[in-house]
Amino acid sequence: MNRHFPMSKTSTDDADDAPASPPTTLSATASTRRNVPRPGFCTARRCATRVTPPPPTCPPEMSHLSLRGGGASAPTLDVEDVVEDARGRVHSIETFTAVDGYGIRCVVFAQGCEKRCAFCCNVDSQSRDADAGTSTTARAIFSVLKRNLRYYARSGGGVTVSGGECMLQPSFVEAIARGAKKLGLTTCVDTAAAGDEDAWRRVLPEIDLALVCVKSVDPVKYRRITGAKTNEEYRTMRAFLRALDAHGVETWLRFVLMTDRSERFVEYATNGEDDLRALADLSKAHACVRGVELLPYHRFGEYKFERMGFAYKLAGMNTPSAAEIDEATAFLTSLGVDVLC
Ligand code: SF4
């Protein structure tokens with residue numbers, strides 16, 4: 001799974017470099033259609049498996065991108081006619097990827113997260129300071145992705161808003177998702193859950209798929225992993241799942257598998273029978289949940305902690321072996337859970 005280190009071009013200022021011809025990943029289209037799991041191909045991304053690149057050097061505004069043409073092959077699209085405007089703050093954009101949802105997708109990584117997960121791969125996307133990330137608009141996002149519309153549409157793909165924590169910017173997510181729907185694209189949020197019922201009521205009707213990282217189904221372990229001081233964020237995660245159910249949004253639970261049971265790390269381990277049984281129960285308690293993606297812990301994000309001068313609590317933790325991953329997968333399967341990868 002960790003082989004899916006980002007290979008796609010990723011930048012908020014990559015408009016000049018966007019491909020004018022079909023991407024090499026297009027060959028994956030047939031196997032990445034909606035609702036079709038890809039054997040041996042992990043869709044997992046962010047919290048423990050994929051690392052976003054460092055924030056690109058780009059102007060604080062992305063409005064300049066709308067002035068650039070999409071090339072001769074780009075469809076004509078007046079984004080102002082299609083997309084409501086809403087301002088947001090982004091870390092980066094990945095314009096071609098076959099992960100994080102159905103088909104070929106554009107992934108918008110929102111800047112800012114309230115959690116401080118020990119295994120976070122994108123610690124540089126956590127800050128909510130006014131100068132963190134890039135301030136932009138939903139229309140500017142579509143000015144970037146419009147040149148690739150045909151590839152997203154033909155593959156059943158679309159736009160995923162990820163993070164950081166995208167649900168901290170509900171108006172921005174809502175505007176992007178609405179615009180995508182008008183263009184016939186699928187919409188996805190990749191989230192660990194945040195916000196409240198009002199925000200969810202606005203956003204979720206626009207969403208086709210939610211990828212929800214549940215961290216742990218044990219509130220104590222949840223706090224330990226996320227750095228939360230109280231159980232409020234755990235309760236938010238549970239409430240968010242209920243809201244997804246109420247809105248009928250297809251949901252894939254994401255679960256970071258940590259298997260190092262040495263003295264230093266045993267309290268973080270998530271492969272215990274209790275952990276996996278609770279995950280299975282959570283999955284089965286929600287009709288919207290299609291299955292679980294197991295994300296084996298890896299250390300790809302550690303260098304970002306070092307670079308930012310933050311302590312990395314999991315330094316030295318062993319990554320799961322293939323046998324441990326297989327064991328957890330088999331156990332969840334035996335409990336009636338569809339393990340998606
Ligand atoms: S929820 Fe936030 S802190 Fe946790 S892994 Fe995801 S981006 Fe990092």
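**Figure 1. The buried residues of helix 2 in the predicted model.** In this predicted model, the buried residues of helix 2 are Ala138, Arg139, Ala140, Ile141, Phe142, Ser143, Val144 and Leu145. Helix 2 is thus shown as a mostly covered element, with 8 of its 8 residues buried. Several elements contribute to this cover, including helix 1 (79-82), strand 1 (87-97), strand 2 (105-110), strand 3 (134-137), strand 4 (158-162) and helix 4. For orientation, the protein as a whole contains 10 helices and 8 strands. Of its 341 residues, 50% count as buried. Among contacts in the protein with a separation of 6 or more, 80% are accounted for by residues 24 or more positions apart.

**Figure 2. The packing of helix 2 against helix 4.** Helix 2 spans residues 138-145 and helix 4 spans residues 170-182; the two pack at an angle of about 40 degrees, and their axes are 9 Å apart. On the side of helix 2, the meeting residues are Ala138, Ile141 and Phe142, and on the side of helix 4 they are Phe172, Ala175, Ile176 and Gly179. By class, the residues of this contact comprise 6 nonpolar, 1 polar and no charged. In an α-helix, residues three or four places apart point the same way, because there are 3.6 residues a turn.

**Figure 3. Helix 4 and the glycine that follows.** Helix 4 consists of 13 residues and extends 18 Å from its first C-alpha to its last, close to the 18 Å expected at 1.5 Å a residue. Helix 4 is mostly covered, with 10 of its 13 residues buried. The buried residues are Pro170, Phe172, Val173, Glu174, Ala175, Ile176, Ala177, Arg178, Gly179 and Ala180. Just after helix 4, Gly184 adopts a positive phi of about 80 degrees.

**Figure 4. Ala153 and its surroundings.** Ala153 belongs to helix 3, which covers residues 149-154. With residues up to four places away in sequence left out, Ala153 touches Gly184 and Leu185. The C-alpha atom of Ala153 is separated by 8.4 Å from that of Gly103, a residue 50 positions away along the chain. Is Ala153 buried, exposed or partly exposed? Ala153 is partly exposed, because 17 other C-beta atoms lie within 10 Å, whereas a buried residue needs 20 or more.

Figure 5. Gly163 and Gly164 are joined by a cis peptide bond, with omega at about 10 degrees. Gly164 is placed in the loop between strand 4 and helix 4. A further loop, between strand 1 and strand 2, holds Asp100. The phi of Asp100 is near 65 degrees, which is a positive value in a residue other than glycine. Asp100 counts as buried because it has 24 C-beta neighbours inside 10 Å.

Figure 6. Lys215 lies in the loop between strand 6 (209-213) and helix 6. Although Lys215 is not a glycine, its phi is positive, at about 65 degrees. Lys215 is buried, as 27 other C-beta atoms are within 10 Å. Lys221 has its place in helix 6, which runs through residues 219-226. Lys221 is likewise buried, with 21 other C-beta atoms within 10 Å. The C-alpha atoms of Lys221 and Tyr234 are separated by 9.9 Å, the two residues being 13 residues apart along the chain.

**Figure 7. The packing of helix 8 against helix 10.** Helix 8 (residues 273-284) and helix 10 (residues 322-334) have axes that come within 10 Å and cross at roughly 45 degrees. The two helices are therefore oblique to each other, and their crossing is right-handed. Leu276, Leu279 and Ala280 of helix 8 meet Ala328, Phe331 and Leu332 of helix 10. This contact is made up of 6 nonpolar, no polar and no charged residues.

Conventions. Residues are numbered from 1 along each chain as its sequence is written. This is a predicted model: local features need pLDDT of at least 70, side-chain atom pairs count only at pLDDT 80 or more; totals for chains, interfaces and linings use all residues. Axes are lines fitted to C-alpha atoms, for helices over the stretch in contact, and angles run from 0 to 180 degrees between N-to-C directions. Helices (H or I, at least four residues) and strands (E, at least two) are DSSP runs, numbered from the N terminus. Two residues are in contact if their C-beta atoms, placed from the backbone, lie within 7 Å. Ala, Val, Leu, Ile, Met, Phe, Trp, Tyr, Cys and Pro count as nonpolar, Asp, Glu, Lys and Arg as charged, and the others, Gly among them, as polar. A residue is buried if 20 or more other C-beta atoms lie within 10 Å of its own, exposed if 12 or fewer, and partly exposed in between; C-beta atoms are placed from the backbone. The expected span of a helix is 1.5 Å times one less than its number of residues. Angles under 35 degrees count as roughly parallel, over 145 as roughly antiparallel, 65 to 115 as roughly perpendicular and the rest as oblique. A crossing is left-handed if the near helix is turned anticlockwise from the far one by less than a right angle, and right-handed if clockwise.
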